[in-house]
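Thank you for asking me to look over this chain. My comments follow as numbered points, to be read with the sequence and the structure at hand.

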Amino acid sequence: RSEVFKTFLGGRLFSADPTMRLIAVVFVAVESALAFTSSSMPFLLQRSSLAPARSRGELPLVSSRVATRAFRPVASIQVIDTSYNLALGSLALGALFGVPGSPLKSKVGAFAAGIPLALFGLFLVFQTTTLRFTFDDSNFALVKADLKSTGENVVVGGSNSWAYSSFVNYDFFPSESFPILVYFKETQTPQENWNVGPGEKANSKEALAKGAKPGQVHFFPAIANVQQLKSAFESHDCAKL
C-alpha cells in the first residue's frame, strides 16, 4: 500500500469527525475492492457422491476407503446473500454529476467525481456478482460465486479464511444502518503483519489503551447483506468490542 494511503487512512478512519471518517471509509472501500480482484483462498465446499446404481440395482464396487470418503458428512455452509446497494448507490451518485438539470452537473464535476464514481459502481457490480462470503462450522471466508478458491490474500498473504476463535472485533463503517465497509480484526494472521496499513493505527498504544485488541485489520466493501453478516457473526460467537 502507498505511503499516502497509510498516512491518510491511519489518521482518519477512526476519527471522531464524521465527515473525515466518511471520506476515509470511501477511500478504503475503493482500496479494498481493488484488492479483491486478485484475492483467493482454498476451496471450501467439498462434494461427495456415488456412481449411479447398475441396471440390476447394485451399486458399483468401491473400496472401503473410497466409500468412507463418499459418506463423510459435508460441513454445512451458509452463503451470505449479495447486496447491490453500494454498487447502485455509487452509480446513482455518479449519474447525478451528468444528468441534465442536476445541481451537481458541471464539466469539472463530471470528470472529477461523476466518471470515477460511475466506474467504481460498475466495478462493485462486478465484485458483488463474482464474490461470496461464507460461514461454515469453524471459519468465515471469501470465495468466488461458484464457491471455488479465490487464492491468497494479496495484502498479508495466507488464505482468505479465518477461524471464528481468532476474531477480536468486527463492525460496520460508517454505521450498520449505512454500511459502506465491513471491518473485522483477527489474530490468525502472523503477528508481523498486524501493523500493515490501517493496522498501525488500530494497534497503536493509544488504541490499545482505549480498549482495542491487537490483531490483523481487514476491510471489505459492503457487497453482501449486512444484517445476515451480523447475525452470522453473532451466531458463531465472533468476539466484538
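1. Serine 161 is found in strand β4, and in this predicted model serine 161 counts as buried because its relative accessibility is 9%, below the limit of 20% that separates buried residues from partly exposed ones. The C-alpha atom of serine 161 is separated by 5.7 Å from that of phenylalanine 140, although the two residues are 21 residues apart along the chain.

2. As background, a pair of aromatic rings is described by the distance of the centres and the angle of the planes. By the rule that ring centres must lie within 6.5 Å, the count comes to 17 aromatic pairs. Phenylalanine 140 and phenylalanine 220 make one of them, with 6.2 Å from centre to centre and 35° between the planes, and this pair is classed as tilted. Phenylalanine 140 belongs to strand β3 (residues 139-144) and phenylalanine 220 to strand β7 (residues 216-221), so the pair ties together parts that are 80 residues apart in sequence. As for burial, phenylalanine 140 counts as buried at 0% relative accessibility, and phenylalanine 220 counts as buried at 3%.

3. A further tilted pair is formed by tyrosine 170 and phenylalanine 233, whose ring centres are 4.6 Å apart and whose planes make an angle of 35°. Tyrosine 170 sits in strand β5 (residues 167-174), whereas phenylalanine 233 sits in helix α8 (residues 226-235), so this pair ties together parts that are 63 residues apart in sequence. Tyrosine 170 is buried, with a relative accessible area of 3%, and phenylalanine 233 is buried, with a relative accessible area of 0%.

4. Which residues form one aromatic cluster? The members are Phe133, Phe135, Phe140, Trp162, Tyr164, Phe167, Tyr170, Phe184, Phe220 and Phe233, and the residues of both pairs described above, Phe140 with Phe220 and Tyr170 with Phe233, are therefore included in that cluster.

5. The backbone calls for a separate comment. In general, most residues other than glycine have a negative phi, and most peptide bonds are trans. Here, a cis peptide bond joins phenylalanine 173 and proline 174, with omega at about -5°, and proline 174 has its place in strand β5. Leucine 147, although it is not a glycine, has a positive phi of about 70°; leucine 147 lies in the loop between β3 and β4, and it is buried, with a relative accessible area of 14%. Aspartate 237 also has a positive phi, near 60°, and is likewise a residue other than glycine. Aspartate 237 lies in the segment after α8, and it is exposed, with a relative accessible area of 65%.

6. The loop between β3 and β4 (161-163) also holds glycine 158, which is partly exposed, with a relative accessible area of 32%. The C-alpha atoms of glycine 158 and glutamine 188 are separated by 9.7 Å, while the two residues are 30 residues apart along the chain.

7. Among contacts with a separation of 6 or more, 66% are accounted for by residues 24 or more positions apart. The chain exposes about 13200 Å², of which carbon and sulfur atoms supply 59%.

Technical notes
Residues numbered from 1 in each chain as written. Predicted model: local features only at pLDDT ≥ 70, side-chain atom pairs only at ≥ 80, totals over all residues. Heavy atoms only, no water. Phe/Tyr/Trp six-rings, centres within 6.5 Å; stacked < 30°, edge-to-face > 60°. Helix = DSSP H or I, 4+ residues; strand = E, 2+ residues; numbered from the N terminus. Buried < 20%, exposed > 50% of the residue type's maximum accessible area, 1.4 Å probe, protein only. Contact = heavy atoms within 4.5 Å. Areas by Shrake-Rupley, 256 points an atom, 1.4 Å probe, with all protein chains shown as cover.
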